[in-house]
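Subject: Structure handover

Hello,

Here is the structure for you to look through. My notes on it follow below.

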Amino acid sequence: RGEEVTWIEDVAWAEERGADVIASGLGYIDWYEFSDLDGGTALITAAAEMASARGVCVVNQAGNERANSWQHIIPPADGRSVIAVGSADLVGQVTFWSSPGPTADGRIKPDLLALGASVTIASYHAQGWYVPADGSNYASAQVAGVVALMLEQNPRLNPTQIGDALRETASRSAAPDNDFGWGLVDAHAAVNYW
């Protein structure tokens, strides 16, 4: 619980200093029930929603819980304004670990998918400094990068406009579901949407 509080404090610190985007690959389920995933009950979700209301675009992993006993998204991915990102493999399919929706109140989540399997990352443990890694946290970082590009193109965009553009330009925007969300992110289309 201390880490959750630290995240909340860090978000407040970043917002006070003018942050436009917060990307995180975390979430907490040990002290929450699925019924708490209603977009505002979980403490971390409430904080993410407050940051969004103040103009900070919050991008978070959907979670890596599909194959375990939880089997749902994780807070703060249940937030109405949080851009929840699931994990896709190299051929665009949902990975076996990527957390599905819906939220407890029936909303579609995740919002988007991005590459979360065999992502090349830097690692001081690796002989060549780079290794392949898996997880929806890597996917959420990529979407946060797209958000930064969108804001560079149009700094006046608010979190709602950003989320709408990302969803409306994704690969399955016409038929979203609780596995793919609105589909694979399309950086070029999202940046040029507004």
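In these notes, contact means heavy atoms within 4.5 Å. The model is a predicted one.

I start with the pairing of α3 and α4. Two packed helices are described by the angle between their axes and the distance between the axes. For α3 and α4 the angle is about 115 degrees, and the axes are 11 Å apart. Their crossing is right-handed. From α3, the residues involved are Val143, Val146, Val147, Met150 and Leu151. They meet Ile162, Ala165 and Leu166 of α4. By class, this contact has eight nonpolar residues, no polar ones and no charged ones.

Now α4 itself, residues 159–168. Its buried residues are Pro159, Ile162, Gly163, Ala165, Leu166 and Arg167. An α-helix has 3.6 residues a turn, so residues three or four places apart point the same way. The cover over the buried residues of α4 includes helices α2 (43–53), α3 (136–153) and α5 (187–191). It also includes strands β2 (57–61), β3 (83–88) and β4 (112–115). Look at the start of α4 too. There, a side-chain oxygen of asparagine 158 comes within 3.0 Å of the backbone nitrogen of threonine 160.

Next, the cores. The largest nonpolar core has 21 residues. Val59, Ile83, Val143, Val147, Met150, Ile162 and Leu166 touch the most other members. At least two residues each come from β2, β3, β4, α3, α4 and α5. The largest share is that of α3, with seven residues. Valine 59 is worth a look. Leaving aside neighbours within four places in sequence, valine 59 is in contact with Ile22, Ala23, Ser24, Ile83, Val85, Ser140, Val143, Ala144 and Val147. Another core, of 15 residues, lies apart from the largest one. Among its members are Tyr28, Ala51, Val56 and Val58.

Then α2. Ile44, Thr45, Ala47, Ala48, Glu49, Ala51 and Ser52 are buried there. The buried residues of α2 pack against α1 (2–16), β2 and α4. Just after α2, glycine 55 has a positive phi of about 100 degrees.

Last, where is serine 69? Serine 69 sits in the loop between β2 and β3. Is serine 69 buried or exposed? Serine 69 counts as exposed because its relative accessibility is 77%, and the cut-off for exposed is over 50%. Serine 69 and valine 56 are 13 residues apart along the chain, and their C-alpha atoms are separated by 32 Å.

Best wishes

How values were computed: Residues numbered from 1 in each chain as written. Predicted model: local features only at pLDDT ≥ 70, side-chain atom pairs only at ≥ 80, totals over all residues. Heavy atoms only, no water. Buried < 20%, exposed > 50% of the residue type's maximum accessible area, 1.4 Å probe, protein only. Helix = DSSP H or I, 4+ residues; strand = E, 2+ residues; numbered from the N terminus. Polar contact = N/O pair within 3.5 Å; in protein donor to acceptor, adjacent residues only side chain to side chain. Core = buried A, V, L, I, M, F, W, Y, C linked by side-chain atoms within 4.5 Å. Axes fitted to C-alpha atoms, helices over the stretch in contact; angles between N-to-C directions. Left-handed = near helix turned anticlockwise from the far one by under 90°. Nonpolar A, V, L, I, M, F, W, Y, C, P; charged D, E, K, R; others polar.
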